[in-house]
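Look at the structure first, then read the points below.

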Amino acid sequence: MNEVIKTIGLCKENILFDVNFSMEKGEMTAVMGPSGSGKSTLLYQLSGMDRPDGGQVIFGGEDICTYSEDMRADMRLTKMGFVFQQMNMLPNLSIIDNIILPAHQSQKIKKVNKKSEAGLRNEAVTLMNKVGIAGLEDRKITEVSGGQLQRACICRAIMNHPELLLADEPTGALNKASSEEIMEEFVRLNREGMSILIVTHDSKVASRCDRVCYMADGKISGEFVLGKYESSQKHDRELKINNWLEEHGW
């Protein structure tokens, strides 16, 4: 197996209990489960935002639990991307300046292959074109819709070409139409080869993923493999996921 990340016996203070989880490169995986089941805590361990009490998190062939705080911060900046329900854009910056901010920070770490300011801005504009928000470069974050802002967050998350994109309830604050648009972007990115992990309560979001893992009481209690998403299968996939969730007491 060609794994992008995995955990071995992961434990965290009465929240996670001996979690063994893995993702293959190029996979899009959803993690579902009731509130308090450990979904977001698992994401924090995978990203190195928090340290487990036991077990390992293997990323890039190394146990990141042994990294220092600075090493984990550098790893998150250069090798991982993040999209959250709360979009956390800086209100004093334009959309494009928010997008390129992580790239500026990454440039301070890189010793080679540094890009010029013009190069970074051109790359950001290219990403904005891809996700359908061209022309919004100089807008403030209060001057765009929620769906447009979340697409800008996706651009920001992938500016540094991450090996793994992590998303925690990325559509939770959006209306139905915007949620559909965001999930189409995730599907497109995944088809281009990006590995994506999504924590969600939404079965419609999960139905776009290759595989769904169900968490309950701090453990992964089941998984459902759907394969790559095709729009013609949309309703059938949603029905299958909802039936499977009912079996797990959803």
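Axes are lines fitted to C-alpha atoms, for helices over the stretch in contact, and angles run from 0 to 180 degrees between N-to-C directions. Helices (H or I, at least four residues) and strands (E, at least two) are DSSP runs, numbered from the N terminus. This is a predicted model: local features need pLDDT of at least 70, side-chain atom pairs count only at pLDDT 80 or more, and totals for chains, interfaces and linings use all residues. Residues are numbered from 1 along each chain as its sequence is written, and side-chain values use heavy atoms, leaving out hydrogens and water.

**Helix pair**
- The axes of α5 (residues 146–158) and α6 (residues 176–191) come within 9 Å and cross at roughly 20°.
- That makes α5 roughly parallel to α6 (angles under 35 degrees count as roughly parallel).
- From α5, the contact (heavy atoms within 4.5 Å) uses Gly147, Gln150, Arg151, Ile154 and Ile158.
- From α6, it uses Ser178, Glu181, Ile182, Glu185, Phe186 and Leu189.

**Sheet**
- An open sheet of 4 strands runs in the order β2-β1-β4-β5, with antiparallel pairing. Two strands pair if DSSP finds at least two bridges between them.
- β2 (16–24) and β5 (62–63) are at the edges with a single partner strand each, so one side of each has no neighbour in the sheet.
- Strand β1 (residues 3–12) pairs with β2 in the antiparallel sense over 6 bridges.
- Thr7 has Phe21 in β2 as its bridge partner.

**Helix on sheet**
- Helix α1 (residues 39–47) lies across β1, β2 and β4 (54–59).
- α1 runs at about 120° to β1.

Key: Parallel < 35°, antiparallel > 145°, perpendicular 65-115°, else oblique.
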